[in-house]
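Please look through the sequence and the model, and then follow the paragraphs below.

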Amino acid sequence: MKEHAEATKRIYDRLQGFLDSLDPKMKIIRGYEAENEIEIRAKRTSEVEKCPYCGEESRKVHSFYPKTFEDLPVQGKKVTIVLERRIFSCNNPECSQKRFSESIDFIEPKRKRTRRLEDHILRISVHMSSLSAEKVLKAEKIGISNTTVRRLIKKKNPDTRKPSSHRNR
């Protein structure tokens with residue numbers, strides 16, 4: 001029984017270290033590790049957030065919602081993080097927004113992958129076709145389609161032009 005508790009603590013410590021590399025203010029709530037996958041449930045520990053609209057600080061949490069996203073694989077395992085993201089109430093009566101979500105620096109708004117995962121995908125994709133990149137990334141346990149690879153390249157490099165599918169005659 002003691003060995004199991006020590007093994008569980010080692011896993012949690014390793015997962016916490018992984019979270020710390022993303023954001024030292026995140027704390028693991030629960031972790032699950034399977035043969036091909038790691039899922040981490042986490043929350044941020046900061047007590048105060050600044051309203052992005054007016055700059056007013058707030059401690060009043062209105063509600064929570066789960067924000068699910070992927071990060072770089074670890075030891076050949078897909079990593080999914082479910083963050084209990086807080087929605088704060090803005091205390092400033094002059095502010096145009098009454099509520100705001102806590103800021104997350106390591107992921108773009110409305111995205112489902114961390115910046116470092118997106119950067120990794122782009123580094124791989126630069127050297128090959130999107131079809132080849134999809135195969136390489138799937139072998140690394142990163143679930144992505146070739147269409148999503150192309151879309152990500154376009155978002156990061158808006159000047160990328162789609163090649164013409166027909167020749168000038």
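Axes here are lines fitted to C-alpha atoms, for helices over the stretch in contact, and the angles between N-to-C directions run from 0 to 180 degrees. The model is a predicted one, and in it the axes of helix α2 (residues 115-125) and helix α4 (residues 146-156) come within 10 Å of each other, crossing at roughly 105 degrees. Because angles of 65 to 115 degrees count as roughly perpendicular, α2 is roughly perpendicular to α4. On the α2 side the contact involves Glu118, Asp119, Ile121, Leu122 and Ser125, which meet Val149, Leu152, Ile153 and Lys156 of α4. Sorted by class, this contact of α2 with α4 holds five nonpolar, one polar and three charged residues.

Helix α4 also packs with helix α3 (residues 130-139), their axes coming within 8 Å and crossing at roughly 110 degrees, so that α3 is likewise roughly perpendicular to α4. Here Ser130, Leu131, Ala133, Glu134 and Leu137 of α3 make the contact with Asn146, Val149 and Arg150 of α4, and by class the contact has four nonpolar, two polar and two charged residues.

The side chain of Ser58 reaches the backbone nitrogen of Lys60 at 3.2 Å, while, leaving aside neighbours within four places in sequence, Ser58 is in contact with Glu47, Val48, Glu49, Phe88, Ser89, Asn91 and Phe100.

Note on methods: Residues numbered from 1 in each chain as written. Predicted model: local features only at pLDDT ≥ 70, side-chain atom pairs only at ≥ 80, totals over all residues. Heavy atoms only, no water. Helix = DSSP H or I, 4+ residues; strand = E, 2+ residues; numbered from the N terminus. Parallel < 35°, antiparallel > 145°, perpendicular 65-115°, else oblique. Contact = heavy atoms within 4.5 Å. Nonpolar A, V, L, I, M, F, W, Y, C, P; charged D, E, K, R; others polar. Polar contact = N/O pair within 3.5 Å; in protein donor to acceptor, adjacent residues only side chain to side chain.
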